[in-house]
Amino acid sequence: MRQIGQVGFMDKPVPRPGPLDAVVKTTAALICTSDSHTVRGGIGPRENLTLGHEGVGVVHEVGEEVKGFRPGDRVLSGAITPDWGDLASQNGHPSQSGGPLGGFKFANSKDGVFAEYFHVNEADANLAKIPDDVPDEMAVYCADMLSTGFMGAENGHIPIGGTVAVLAQGPVGLMATAGARLRGAGLVIGVESVPGRQRLAREYGADEIVDFTEEDVVERVLDLTQGQGVDTAIEALGADATFQSAIRITKPGGTVSNTGYYGEGEFVRIPRVEWGVGMADKTITTGLCPGGRLRMERLLRILQGRRLDPTPMTTHTFRFEEMERAFEISDKKIEDMVKVLITFP
Ligand SMILES: [Zn+2]
């Protein structure tokens, strides 16, 4: 990112690790909608910032205090790389270390992973070794898509056998759908209009698909739940309309679990009556993609055990040299794009 609205290649020196850090030689990365938000100014002006926060690679160099990793190790870094000594981390919210969303460092407060080499702070806490039988192009989904999507299910407090609606089936919504199934939901409803994403949603565990261009989401979800509403509504888009629907379709005592990013407007609106005029025991949870070694190891275990295969979401693959075209496809969401993979030499 050269500046707001402008991307292109540039030369930078290979980063060097501090005592606790590592430098990773990139082998695979995924482009994210967040990269587009960043280029459009979503996190404010940035100049000559390397984009990308979903990457895997091989350890190139480690700082002298790093204990668990050596050059040559195949590794995954979470998209969020917290400062683990921070008070927010000690309080159980490492994504918020260093201030609101402060764990989000790649392509925000430092260079990201769309480069031949990237720097990882606190390597022992933020890297995980990739098992031999998990390929890079699969492991890279753990950095953000699995972590954020599963967070949506985890924060949704899904009771075993419970009812879940996932609003929007982009890659995060798809992984929230898969996460809801893994958490033991009895009925998973996917809200989506794009045929390719509807098909993936069914593959990942949606029992019912609601197409918001053809039917009223709230009515249909209430129908599917005998008028009760769902135990958990996962908002996976970040839009006023879907957030309101999520409140409306959640039963009293249920949870609205938000994963969406709200990039516009001064307020996010809550429908007053369906919120039980503030008294319906409806919980709204929010979160930013959790990072950290233990979480990444758990996500990799899901892949190693073949509980889930995220690679059908890869609709496009480009070499690093083709990054500009790759970014354009991801940014404009053309050619039925779900997720664009970048491979490195
Ligand atoms: Zn991302």
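This is a predicted model: local features need pLDDT of at least 70, side-chain atom pairs count only at pLDDT 80 or more; totals for chains, interfaces and linings use all residues.

Q: OK, how is the chain divided?
A: Into domain 1 (22-144 + 289-343) and domain 2 (149-286). Those bounds come from an automatic or database domain assignment. The centres of the two domains, taken over C-alpha atoms, are separated by 26 Å.

Q: And how many residues of each domain are in contact?
A: 18 residues of domain 1 are in contact with 14 residues of domain 2, where contact means heavy atoms within 4.5 Å.

Q: What area do domain 1 and domain 2 bury between them?
A: About 1,300 Å², with 69% of it on carbon and sulfur atoms. Buried area here is the accessible area (1.4 Å probe) that two parts lose on being put together, summed over both.

Q: Which three residues supply more than any other three on the domain 1 side?
A: Leu308, Met313 and Val338, which supply 37% of the area that domain 1 buries against domain 2.

Q: How many salt bridges does the rule find across that interface?
A: The rule finds 1 salt bridge across the interface of domain 1 and domain 2. The rule asks for a side-chain nitrogen of Lys or Arg within 4 Å of a carboxyl oxygen of Asp or Glu. Separately, Glu154 forms a salt bridge with Arg295, and the closest N and O atoms are 2.8 Å apart.

Q: Which helix gives the most to the side of domain 1 that touches domain 2?
A: Helix 10 (residues 293-304), with 3 residues. Helices (H or I, at least four residues) and strands (E, at least two) are DSSP runs, numbered from the N terminus.

Q: Switching to helix 5, what's covered there?
A: Helix 5 (residues 145-154) is mostly covered, with 9 of its 10 residues buried. Among the buried ones are Met145, Leu146, Phe150 and Met151. The buried residues of helix 5 pack against several elements, including helix 6 (171-182), strand 9 (230-235), helix 10 and strand 13 (339-343).

Q: What about Thr255, buried or exposed?
A: Thr255 counts as buried because its relative accessibility is 5%. Thr255 is found in strand 10. Not counting residues up to four places away in sequence, Thr255 touches a set that includes Asn155, His157, Asp231 and Thr283.

Q: And Val218, where is that?
A: Val218 sits in helix 8 (residues 217-224). Val218 is buried too, with a relative accessible area of 18%. Leaving aside neighbours within four places in sequence, Val218 is in contact with Ser245, Arg248 and Ile249. Val218 and Gln244 are 26 residues apart in sequence and 9.7 Å apart in space, C-alpha to C-alpha.

Q: Back to charges: how many salt bridges does the structure hold?
A: The structure holds 21 salt bridges. In one of them, the side chains of Lys129 and Asp73 meet at 4.0 Å, N to O. Lys129 lies in strand 5 (residues 127-129) and Asp73 in the loop between strand 2 and strand 3 (74-77), so this pair ties together parts that are 56 residues apart in sequence. Lys129 is partly exposed, with a relative accessible area of 45%.

Q: Which residue does Arg325 form a salt bridge with?
A: Glu335, and the closest N and O atoms are 3.1 Å apart. The pair links distant parts of the chain, with Arg325 in helix 11 (residues 323-332) and Glu335 in the loop between helix 11 and strand 13, 10 residues apart. Arg325 counts as partly exposed at 36% relative accessibility, and Glu335 is partly exposed with a relative accessible area of 47%. Salt bridges that share partners join Arg325, Glu328, Lys332 and Glu335 into one network.

Q: What about Glu321, which residue does that pair with in a salt bridge?
A: Arg319, with the closest N and O atoms 3.1 Å apart. Glu321 is partly exposed, with a relative accessible area of 49%, and Arg319 counts as partly exposed at 46% relative accessibility.

How values were computed. Residues are numbered from 1 along each chain as its sequence is written. Side-chain values use heavy atoms; hydrogens and water are left out. Buried means under 20% relative accessible area, exposed over 50%, partly exposed in between (1.4 Å probe, protein chains only).
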